[in-house]
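I opened a new notebook page for this structure. These are my entries, in the order I looked things up.

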Amino acid sequence: MKQFISVHDVDNINALVQKALTYKANPLVDKAIGEGKRMGLIFLNPSLRTRLSTQIAAENLGMQPIVFNVGSEGWTWEFEEEAIMSGTTVEHVKDAAPILGNYFDVLAIRTFPSLQNKKDDYSELFIKQFIKYAGVPVVSLESSTLHPLQSLTDIITITETFKEKRKPKIVLTWAPHIKPLPQCVANSFAQWINAWGEADFVITHPEDYELDEQFTKGATITHNQDEALKDADFVYVKNWSTYTDYGRIYCNDPAWMLTEEKLKATNSAKIMHCLPVRRNVELSDEVLDSSNSIVTQQASNRVWAAQTVLAEILKANG
Amino acid sequence: MKQFISVHDVDNINALVQKALTYKANPLVDKAIGEGKRMGLIFLNPSLRTRLSTQIAAENLGMQPIVFNVGSEGWTWEFEEEAIMSGTTVEHVKDAAPILGNYFDVLAIRTFPSLQNKKDDYSELFIKQFIKYAGVPVVSLESSTLHPLQSLTDIITITETFKEKRKPKIVLTWAPHIKPLPQCVANSFAQWINAWGEADFVITHPEDYELDEQFTKGATITHNQDEALKDADFVYVKNWSTYTDYGRIYCNDPAWMLTEEKLKATNSAKIMHCLPVRRNVELSDEVLDSSNSIVTQQASNRVWAAQTVLAEILKANG
Amino acid sequence: MKQFISVHDVDNINALVQKALTYKANPLVDKAIGEGKRMGLIFLNPSLRTRLSTQIAAENLGMQPIVFNVGSEGWTWEFEEEAIMSGTTVEHVKDAAPILGNYFDVLAIRTFPSLQNKKDDYSELFIKQFIKYAGVPVVSLESSTLHPLQSLTDIITITETFKEKRKPKIVLTWAPHIKPLPQCVANSFAQWINAWGEADFVITHPEDYELDEQFTKGATITHNQDEALKDADFVYVKNWSTYTDYGRIYCNDPAWMLTEEKLKATNSAKIMHCLPVRRNVELSDEVLDSSNSIVTQQASNRVWAAQTVLAEILKANG
């Protein structure tokens with residue numbers, strides 16, 4: 001693996017999942033492979049799980065991780081080519097990235113979308129510029145449109161939870177929120193589940209929340225949440241803002257919040273969410289606190305997803 | 001020791017003090033006991049001494065400490081059960097704590113009081129919720145009403161400083177300040193000195209600054225600072241805001257600031273303060289810069305207090 | 001080396017440079033000399049290269065570095081003696097520094113100038129107070145008037161780049177900027193190049209941007225940039241605000257921005273800048289992106305400069 005930006009960087013999802021489960025059973029089995037390697041974790045946006053799980057994953061492989069919060073510790077970055085930097089950005093990614101590439105063997109970066117400029121966001125300007133200039137392997141810790149470490153974690157979690165021989169029915173449902181959020185987690189989940197191909201996959205959301213077809217193609221899409229939930233084995237809950245008329249909140253109907261009542265139609269579905277979750281806005285307490293919720297298990301699996309990806313990158317760039 | 005939240009988690013204060021002094025003499029004697037253990041230091045509020053001393057203590061025991069500043073690096077937390085999270089809090093402690101408990105073997109957390117809601121603060125809502133959901137041993141790095149690592153440090157410092165056979169006279173005196181501060185350090189010092197039982201303990205403050213009796217019971221309390229200081233061996237200086245009419249500044253009489261003049265009545269008392277201290281507001285330069293001040297020694301002992309507590313927790317949770 | 005604050009702490013610049021190039025060839029050759037030593041990196045101001053390169057340098061020597069951002073993680077510091085601390089500063093350096101000196105074997109600190117109070121800035125009040133009270137060796141990570149780790153890096157970079165037997169012509173040129181910046185990098189570069197004595201050294205800037213003679217004495221100074229650039233082997237580009245009428249922007253003529261056109265008069269000069277750089281304000285894209293730019297190599301050499309200084313300090317302080 002040369003980099004880890006999307007599912008397109010992965011040859012065999014199931015092989016990654018199996019490797020992750022091996023690490024979960026024995027975290028320190030590859031303690032030697034990262035020895036003497038230094039990893040930079042660069043955050044342009046806040047993070048709890050992603051930062052800690054990736055830091056721990058690097059340590060489990062014997063790497064030395066160093067965290068750097070660009071906003072609070074350093075200088076705001078410019079990503080546009082040919083920018084005349086007389087505004088608020090203090091340093092160009094063209095200058096920062098190659099130096100980080102000299103300091104570190106592997107770089108990981110989190111860059112949220114603006115939600116203002118769809119073209120830049122969906123061209124993945126920030127992370128692509130970073131990769132272009134870094135000169136070392138780059139791992140996405142969530143970019144403008146995708147969150148691949150989360151999606152790999154999600155398939156690990158589904159795999160270890162679902163033991164039947166048939167394909168599980170997996171439903172991605174939109175949920176209300178008070179702020180316009182990125183489409184990353186939903187896009188990425190759709191992209192990975194489609195690429196995985198081992199599920200009956202349904203996406204449900206109110207009108208106007210259609211996601212980009214490049215990610216959803218292959219899924220059944222419906223505006224009828226009740227219908228979508230029917231016989232579901234997994235319900236993945238997530239808010240996102242509009243894609244077409246970009247970055248807005250249209251409908252915010254609280255009826256879309258998942259409740260125990262709604263879950264009765266499912267096959268005792270396991271409930272997933274990438275967290276952080278706004279309780280009683282996106283998801284009711286009763287659902288999150290029920291035994292059907294696997295959000296803690298899911299978040300804990302972030303370590304094994306990150307460790308697997310880093311191990312693959314170390315191997316390929318040895 | 002299952003956790004370290006207050007003096008009630010301690011069986012034998014003097015045994016802890018002796019262990020701390022052993023670590024001070026030989027910091028790396030227990031380098032092996034934390035091997036392979038990971039500690040999360042979670043800060044909801046700023047910290048200098050507490051963060052650095054605990055981080056160093058963990059490393060002295062061979063543990064891997066990871067610092068996480070919730071406010072600047074992550075997401076604001078909600079602590080109320082059944083909250084409808086449509087406001088400024090982004091993540092519930094019910095969701096964050098169990099994940100941190102999966103990532104780390106031991107957790108330490110700093111959570112200041114609101115000073116707005118006495119009931120929540122004095123119920124220790126934040127740290128209790130954190131403990132309830134973390135699932136691993138929790139160490140307080142200062143909570144809404146107590147600061148036990150500071151108090152253990154204080155008794156270590158008094159023990160190594162006072163060599164006479166009689167009980168020392170210890171005076172906790174209120175000092176002026178420009179902002180309403182928590183009662184934590186004063187509460188905790190009172191709680192520990194009372195539990196220790198090896199001092200003649202006097203608390204002095206202006207009217208209206210009475211502390212909660214659950215902590216002060218056993219001490220002599222007076223509004224007459226001069227009388228209190230008479231023959232004191234140790235004077236612990238600290239501001240706090242009012243407890244009864246909660247979180248306010250009533251009297252802020254600069255005459256309460258400790259000066260050399262006032263100290264003449266003492267038995268060449270050693271001066272203690274948890275720091276940070278507002279010079280020439282809480283304590284005069286002449287006192288802080290005199291040879292009677294032991295504030296640097298005191299702050300340095302924070303390492304040995306933290307190391308002792310972590311060692312006890314590792315032992316009990318093997 | 002007892003401390004590293006300016007070129008006056010250095011006996012032999014070329015010996016340091018050679019040692020740095022040894023470390024560049026073999027980063028881990030002195031892995032053992034910092035074992036069991038702890039280094040505190042204290043930031044009162046933001047940093048990317050300085051923080052990461054020094055942290056990596058410490059690790060290369062086997063030291064344990066701990067980063068602490070005073071502003072965002074801790075308490076604002078007071079530096080004035082006898083201050084009555086009833087304002088915004090929460091802790092005096094007299095109290096913070098000795099404790100840090102107890103926690104750490106070596107301290108490094110970044111303290112920017114106010115640009116308001118020339119007397120305090122040019123007396124180096126902040127770092128001198130820190131040194132006075134720390135009690136352990138202190139390394140400057142940039143102070144009010146100097147940036148010695150940058151300057152050592154610069155001479156390392158010039159040495160490894162320039163292979164002719166004659167002295168190189170080195171030009172320090174002022175560049176436009178949108179904000180009043182410190183004079184540190186320019187002062188320090190001038191101080192080191194003058195002390196080094198192995199260059200034909202020219203400083204050029206618009207009227208009113210004269211630097212303090214204590215640093216520039218020995219250099220040729222001109223307001224004519226074109227004349228200065230003639231036959232230059234190295235052009236060091238940097239903005240600074242006025243020194244005499246302190247901390248202001250007078251002329252901000254964009255004609256001072258370095259372009260390919262201007263560089264035609266040089267001897268294919270290598271372009272240096274300490275970074276961060278405002279592209280197309282201080283320096284044009286065409287220059288920064290040309291093969292003459294050595295800014296990335298320069299920033300990467302920060303690691304070896306820091307590692308050399310730390311090794312010298314470890315050696316001198318046992």
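**The sheet in chain C**

I started with one residue pair: C:Leu41 stands opposite C:Val67 in β2(C). This is a predicted model. Next I looked up the strands around that pair. Strand β1 (residues 38-43) of chain C pairs with β2(C) in the parallel sense, over 6 bridges. I then traced the open sheet, which has 4 strands in the order β2-β1-β5-β6 (chain C), paired in parallel. β2 (64-69) and β6 (138-140) of chain C stand at the edges with a single partner strand each, so one side of each lacks a neighbour in the sheet. From one strand to the next, the twist averages 20°.

**Salt bridges**

I searched the whole structure and noted 48 salt bridges over all chains. One of them joins the side chains of B:Arg38 and A:Glu59 at 3.6 Å, N to O. That pair crosses between chains, from strand β1 (residues 38-43) of chain B to helix α2 (residues 49-60) of chain A. Both B:Arg38 and A:Glu59 are buried.

I also checked C:Arg49, which forms a salt bridge with A:Glu91 at 2.7 Å between the closest N and O atoms. C:Arg49 is buried at 3% relative accessible area, and A:Glu91 is buried at 0%.

**Symmetry**

Last, I compared two copies. A rotation of 120° with 0.0 Å of shift along its axis superposes chain C on chain B, with RMSD 0.0 Å. The two copies are thus related as by a three-fold rotation axis.

Notes. Residues numbered from 1 in each chain as written. Chains lettered and ligands numbered in written order. Predicted model: local features only at pLDDT ≥ 70, side-chain atom pairs only at ≥ 80, totals over all residues. Heavy atoms only, no water. Least-squares fit on C-alpha atoms with pLDDT ≥ 70 in both. Pairing = 2+ DSSP bridges. Helix = DSSP H or I, 4+ residues; strand = E, 2+ residues; numbered from the N terminus. Axes fitted to C-alpha atoms, helices over the stretch in contact; angles between N-to-C directions. Salt bridge = Lys/Arg side-chain N within 4 Å of Asp/Glu carboxyl O. Buried < 20%, exposed > 50% of the residue type's maximum accessible area, 1.4 Å probe, protein only.
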